[in-house]
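Have the model open while you read.

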Amino acid sequence: MHESSISRDLPKPQFYAELARELRSLTAGEPDVIANLANASALLFHSLPDLNWAGFYLLKDGELVVGPFQGKPACVRIAMGKGVCGTAAARRATVLVPNVHEFPGHIACDSASNSEIVVPMIAGDELAGGLDIDSPQVGGFDAEDQAGLEEFVAVLMAAVIRSGSACGAGFSRPPEPSG
């Protein structure tokens, strides 16, 4: 069993460096993408303060489908360009929303959410999905969180690519031709 020992009292850059170190440890030698995403969402949920949701949406057949997460049950499918997740995926850029009630088209999967950050997950040049984190606090995330979470996703994607599981969006390996 993995026990996180990251102090929440560290300055954010150091905190996120430790979080990335723990993620490297959790993903080392593990080739299964779903296992790594599940552990990554649990690590975030139990390490970051004031979260009510932390998890992944994976690109499948042109839409985002909920993947491993921690929190209340979530919206299952999100269209590209819709809500914070779909916007980040379409832009292929992080979207940080200090107050979701001011974001046009916000999708309220959990009414307790007041701020959100979504970091796209890109394998090679293909969009694979996004990391989605919600907080019940208005202004729950800032530029330091964005930088730290972007590094977290980079570490995760490096593990996915290393495992050879990153072919195709959504991490799915195309079927081998029969015959």
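1. Let's start inside: the largest cavity holds about 140 Å³ of space. Keep in mind that this is a predicted model. The cavity has 19 lining residues, and those closest to its centre are Ile-107, Cys-109, Glu-116, Asp-132 and Asp-134.

2. At least two residues each come from β1 (53–60), α3 (83–91) and β6 (126–135). Sorted by class, the lining has 10 nonpolar, 3 polar and 6 charged residues.

3. How many cavities of 30 Å³ or more are there? The count comes to 2. The second largest cavity has a volume of about 30 Å³, and its lining is made of Tyr-57, Leu-64, Cys-85, Ala-88, Ala-89, Val-118, Pro-120, Gly-129 and Gly-130. Two or more of these residues come from each of α3, β5 and β6, and α3 gives the most, with 3. No charged residues turn up here: the lining divides into 7 nonpolar and 2 polar.

4. Now the cysteines. Searching the whole structure turns up 1 disulfide, and it joins Cys-75 to Cys-109, with the sulfurs 1.9 Å apart. The partners sit in distant parts of the chain, 34 residues apart: Cys-75 is in the loop between β2 (63–71) and β3 (77–79), while Cys-109 is in the loop between β4 (95–97) and β5 (115–123).

5. Is Cys-85 buried or exposed? Cys-85 has a relative accessible area of 5%, so it is buried, the cut-off being under 20%. Cys-109 comes out at 32%, so it counts as partly exposed. Cys-85 is in no disulfide; its nearest cysteine sulfur belongs to Cys-109 and is 7.4 Å away.

6. Last, look for an opening. The largest pocket has about 210 Å³ of space. It is lined by 14 residues, with Lys-12, Tyr-16, Leu-48, Pro-49 and Asp-145 closest to its centre. Helix α1 (residues 12–27) supplies the largest share of this lining, 3 residues. By class, the pocket lining has 7 nonpolar, 3 polar and 4 charged residues.

How values were computed
Residues numbered from 1 in each chain as written. Predicted model: local features only at pLDDT ≥ 70, side-chain atom pairs only at ≥ 80, totals over all residues. Heavy atoms only, no water. Disulfide = S-S within 2.5 Å. Helix = DSSP H or I, 4+ residues; strand = E, 2+ residues; numbered from the N terminus. Buried < 20%, exposed > 50% of the residue type's maximum accessible area, 1.4 Å probe, protein only. 1 Å grid on protein atoms, 1.4 Å probe; cavity = no way out; pocket = protein on both sides within 12 Å on 5 of 7 lines; lining within 4 Å. Points joined across faces, edges and corners; volume = space filled by probe spheres on them. Nonpolar A, V, L, I, M, F, W, Y, C, P; charged D, E, K, R; others polar.
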